[in-house]
Amino acid sequence: MTHLKKLLLSTSLALMTCEVAAAQLYDPSKNYPSGSQVSFNGAIYQAKWWANPSQSPGDQVSAPWETPWKLIGQTDDTPPPAEPDEPADTPDSPSVPSDGQYSNYQEGGSYQGGDIVLNNGQLYRCKPGVTVPWCSGAGWAYAPGTGTAWDSAWELVSEDEIAEPDPETPEVPDQPVEPEVPSDPGDGYQVTQAQLDAREAELTSDPLLSQVKESIRTRDNQTVEAVTALSGQNPENVKRVEAIVSEADWDYLFAKRSPEYSYRHFLQAVAKFPAFCASYEDGRDSEAICRRSLATMFAHFTQETGGHTEHWDVPEWRQGLVHAREMGWTEQMRGGYNGECNPATWQGQTWPCGTFDNGEYKSYFGRGAKQLSYNYNYGPFSEAMFGTVRTLLDHPEMVADTWLNLASAVFFFTYPQPPKPSMLHVIDGTWQPNSRDEQNGLYPGFGVTTQIINGGVECGGTTEVAQSVNRISYFRSFASYLGVTIAEDEILGCRGMKQFDAEGAGATNIYWEKDWGWSADTPSGGSYACQLVGYQTPYSALKQGDYTACVKAHFPDIQVIE
């Protein structure tokens with residue numbers, strides 16, 4: 001089955017009240033069967049199927065079928081803090097006993113991002129971001145330094161990193177300051193734009209991050225719009241694709257496709273991303289990589305958007321691209337995948353949703369060959385295509401009706417989702433598994449691309465699930481048609497394959513977050529800097545200038561001198 005049926009979000013206040021009353025606070029150490037309702041970060045979620053420990057409702061995913069949770073309502077019913085005069089050791093409020101300057105870690109304590117605790121003689125800081133609730137989770141999983149997944153919630157820090165200013169340092173005597181001079185250097189921290197740019201360049205100089213940046217480069221839309229079949233002005237990678245898949249081949253391979261998926265749209269999608277089917281100057285076989293990329297992409301197209309109908313007059317592997325929009329949805333329908341549009345959340349602020357004339361949010365259900373879903377995917381895709389998040393957040397229908405219906409799939413193919421590498425880097429050999437990946441059964445081959453696109457649902461079991469079996473069958477057929485060699489020992493499925501994790505070779509940090517360190521050189525002692533992290537934030541290391549935006553957002557008193 002390609003699509004999981006999604007339910008419309010209820011807007012009934014009475015129903016929401018009932019749901020809130022039934023929900024329990026999410027516990028990352030528990031299993032939740034299908035139908036369970038939990039409260040998480042002020043929202044109510046329901047399990048669509050069995051949810052394993054640590055499959056959090058707050059996990060950021062690229063498609064709705066990658067998470068067992070669906071948003072069904074909002075609530076302000078978060079657990080109240082203990083009253084100030086309540087004894088610290090009451091049963092309802094776990095105490096966090098102090099051991100000197102820092103508090104000892106205690107399972108169930110209420111921790112926030114940036115909190116520092118002492119455990120087994122070491123200092124740990126709760127990582128800010130969507131993983132904050134895990135710091136207060138079950139000790140067997142998240143106790144700092146000892147839990148099975150402690151480093152997902154905490155980071156080890158030294159006293160030097162968080163040292164307080166020397167109390168014996170003599171204070172500078174107060175000097176009279178005229179109130180008419182608000183720009184006194186003591187009011188903030190001054191830095192030049194060149195210094196910020198240099199720091200960004202230093203932090204993003206990792207060779208793998210440089211390779212990622214190269215693989216996601218885009219061409220200007222004027223060049224893309226000029227692409228037509230067999231034009232002598234087409235970019236080099238488009239000409240390579242045309243030599244492998246002609247318009248007649250396209251009509252044959254996707255015999256039942258929706259008319260929005262035209263051959264020209266396909267070529268335009270390829271043109272937008274120069275690294276797709278590019279020429280490799282280091283000895284790698286450019287044409288072989290291109291053929292395998294196409295066979296892999298087409299196989300996933302067919303699983304995601306195919307007809308899957310045995311009695312049609314063409315085999316199932318040639319039934320791809322039937323659906324330009326998610327089954328059951330139209331452009332005028334409300335309540336689709338817009339639970340993250342709330343302007344009180346950072347997702348809603350970073351990728352503000354478009355609205356209908358009556359003020360209701362637009363729906364971000366699956367569209368295009370990748371079935372792009374949710375505003376936090378439409379926004380980044382829009383920015384990559386147009387330089388602004390507004391275009392596709394205001395006009396999500398373009399992802400179904402224009403060349404973006406196929407460009408969205410190439411976008412997903414070339415972009416990594418740390419700790420997952422991109423499918424392009426799996427196929428062209430840029431990603432090479434390290435020992436941790438090998439322990440998790442992650443090896444180059446078609447099977448690991450299924451892990452990337454839908455591993456949370458299809459991979460890891462003792463048997464190959466039906467969706468993965470389909471993908472393997474489709475890949476074999478496309479590979480045969482396109483002249484792709486499949487080695488006898490290539491792993492085509494993903495049963496028994498564990499998911500990518502933070503210790504794997506693909507775990508490249510690509511988001512900026514506040515650097516919580518201490519600096520003796522600044523007025524407030526703050527770092528006036530940002531650091532790279534693996535979880536999603538509003539600031540991407542793949543976007544030039546976002547480092548400066550991150551610093552300004554977290555240190556509003558900074559004075560940037562051009």
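Hi everyone, let's begin with a pair of strands: β7 (residues 116-119) and β8 run antiparallel and are joined by 4 bridges. Two strands count as paired if DSSP finds at least two bridges between them. Strands here are DSSP runs of E with at least two residues, helices are runs of H or I with at least four residues, and both are numbered from the N terminus.

A word on what we are looking at: this is a predicted model, where local features need pLDDT of at least 70, side-chain atom pairs count only at pLDDT 80 or more, and totals for chains, interfaces and linings use all residues. Residues are numbered from 1 along each chain as its sequence is written, and side-chain values use heavy atoms, with hydrogens and water left out.

Back to our hairpin. Asparagine 119 has glutamine 122 in β8 as its bridge partner. The hairpin of β7 and β8 has 2 residues between the strands, and asparagine 120 takes a positive phi near 50° there.

Arginine 125 finds its bridge partner in β9 at glutamate 155.

Buried means under 20% relative accessible area, exposed means over 50%, and partly exposed lies in between, using a 1.4 Å probe and protein chains only.

Now to the disulfides. A disulfide is a covalent bond between the sulfur atoms of two cysteines. In this model, a pair of cysteine sulfur atoms within 2.5 Å is called one. How many disulfides does the structure hold? There are 5.

Cysteine 126 bonds with cysteine 135, with 2.1 Å between their sulfur atoms. Their link is right-handed, with 100° about the S-S bond. Cysteine 126 is buried at 0% relative accessibility, and cysteine 135 is buried at 1%.

Next come cysteine 277 and cysteine 290, whose sulfur atoms are also 2.1 Å apart. This link is right-handed, with 85° about the S-S bond. The pair links distant parts of the chain, 13 residues apart: cysteine 277 sits in the loop between α10 (263-272) and α11 (286-305), and cysteine 290 in helix α11.

Finally, cysteine 341 is joined to cysteine 353, S to S 2.0 Å. Is that one left-handed or right-handed? The torsion about the S-S bond is about -85°, so this disulfide is left-handed. Both cysteine 341 and cysteine 353 are buried.
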